[in-house]
Amino acid sequence: MKQNFIGALCALAVMGGAFAQTPKKPAAKPAAKTAPAPAAEEKDAATLEFEKFRAEMEESNPAELFEMKGEEQWKTKRGPKNVSLAESCDLGQGVGKVEGAYVKMPRYFADADAVMDAERRIVWCMVEKQGFKFDEIAAKPFANANFTPDITNLVTYVAGHSRNMKIAVPLKDPKVREAYETGKAMAAYRAGPYDFSCNTCHGSDGKRIRMQNLPNLGTAAGAMKGVQGWPGYRMTGGVMLTHQWRMGDCFRQQRFPQPKYASDAIAYLLTYMIGNANGQVYKGPGIKR
Amino acid sequence: MEMNVTRRTVLRGAGSLGALSALIMAGVLKPTAAYAAEWNKAAFEAKDTAGALKGLGAATTADSNDLMLKVPDIAENGAVVPVDVVSKIPNTSSIAILVEKNPQPLCAQFDFANGAVADVSARLKMGQTSLVKAIAKADGKFYTAQKEVKVTVGGCGG
Amino acid sequence: MADPMKIRAQMKGDVAEVRILMGHAMETGQRKDAAGKTIPAHFIQSMTVEVGGKKVIDGQIGTSVSRNPVFGFKVKGAKVGDKVVVSWVDNKGDKRTDEAAVA
């Protein structure tokens, strides 16, 4: 029966409303503890060569250009209601407070009665506080070569204010725990023409696709690999992309339908993955291949 | 406020910068001491390395161990290849960087003055595996160093 | 309007390390859009760096420099508080000047 529920949730993610649904009670009990981190993974020559240049790439990351824009947009009165996010948006740390907010999401927000990741929360603020239309934001949620949505700049700005802080998703909150468990079940849910689940690629140690090592999202270190560097400046195309985008891309690679932007389903999957990375240090917006 | 306008551009009122020149003539902007050199069209639009070197006036170059080129053996992504060039050759006044197999090999050229060290870093596009070349100019002579960078394709978004 | 640059300049010993991020498409003129039409070249052609009122770098750039360019330079004899002024002009005449102080 659990399979059917998750399938329904995935379908909901594709077709359903953005903020409406609260999770049904998941069937599984919380896992006692995540599996231990794998032993140091083997690295090939190419990976080692990439890493030699990694520090330099990260030190001067074009992501900072998007942070700058996001900061301006955060502080500017905008939207039909002509208010700034700085004076209206509570990311869980108090209205307007961005310091450390990113690493403490997803979290439960009572005003929205939903568990929200950072991007979903900022979209919620743009809609509820500034009066922007959700459908207009969701119509073009991600960057391309000619366009970077405001939400991407805003997420990058907020993420930049959690640099070098530890991930601390409040998993003790029962609503967050519920989201985590649902996300965990979703990660294991196999579907699509190839009968893939998230865990097919990201559920055990030592897997890779071509040049890329695939992290095991069930471990703290592995989950952090799925969190680190997002939002990220993508070298391919030179665009700034968010964690929501990356989740959608995993759906694409699984040959699933695209998930609905800023939906419950993505929030739950992110709660599972980011929650597993609790205690790991987030280095801020990254640079991705 | 944009102030660094080339005096030559101003004098010639060159096409694309015509409006800017008009502003300068109207006294809205004024050129400062920082005159940028005119873009070296012949060198940058050359379709091969020999043409680019000719455009730079560097038809003959000598290898030098005092010119160091730091590039990856394999590029993580050909769209963004980090490059670092350091010249220990005394009186290095200029460094140019080329990617041999790019449609237009010359990537950039920097002149140093007033304490600037002959040490530059940049990020380059590479369409395919190619030699990357650094050219340093010192006392009117040109020196070169080169290294191959492999460019791979494919993979997912990390 | 062109996007602002991000400029960082920091003393390391007696040398100021200047790092510059520029927001620019750096279109090569070789790419085609979805409809098969060539996307016209649009790229930064020249840039200058001034430290403490003196020009230290006079640069020329071609289409092989990456989108959203990043440059690093080193300048001897600079000191904390010196003004760093970076300017660029592209092939369409768009331009941008930004400032920072050596830290």
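Predicted model: local features only at pLDDT ≥ 70, side-chain atom pairs only at ≥ 80, totals over all residues.
Two strands count as paired when DSSP finds at least two bridges between them.

On the B side 40 residues take part, and they touch 35 residues of chain C. Helix H2 (18–25), strand S6 (106–112) and strand S7 (116–124) of chain B are the elements that each put two or more residues into this side. S7(B) gives the most, with eight. By type, the side of chain B that touches chain C splits into 26 nonpolar, nine polar and five charged residues.

S7(B) also turns up in an open sheet of six strands, ordered S2(B)-S4(B)-S7(B)-S5(C)-S2(C)-S1(C), with antiparallel pairing. At the edges sit strand S2 (67–70) of chain B and strand S1 (6–12) of chain C, each pairing on one side only. From one strand to the next, the twist averages 15 degrees. Over at the chain B end, S2(B) and strand S4 (81–87) of chain B are antiparallel and joined by four bridges; Leu69(B) has Val85(B) as its bridge partner there.

Val85(B) leads us on to Ile95(B): the two are in contact, and beyond its sequence neighbours within four places Ile95(B) also touches Phe110(B), among others. Along with Ile97(B) and Ala122(B), Ile95(B) has the most contacts inside the largest nonpolar core, which has 81 residues. Apart from that core lies another, of 56 residues, including Leu85(A), Tyr102(A), Ala159(A) and Met186(A).

Key: Residues numbered from 1 in each chain as written. Chains lettered and ligands numbered in written order. Axes fitted to C-alpha atoms, helices over the stretch in contact; angles between N-to-C directions. Core = buried A, V, L, I, M, F, W, Y, C linked by C-beta atoms within 7 Å. Buried ≥ 20, exposed ≤ 12 C-beta atoms within 10 Å, placed from the backbone. Contact = placed C-beta atoms within 7 Å. Nonpolar A, V, L, I, M, F, W, Y, C, P; charged D, E, K, R; others polar.
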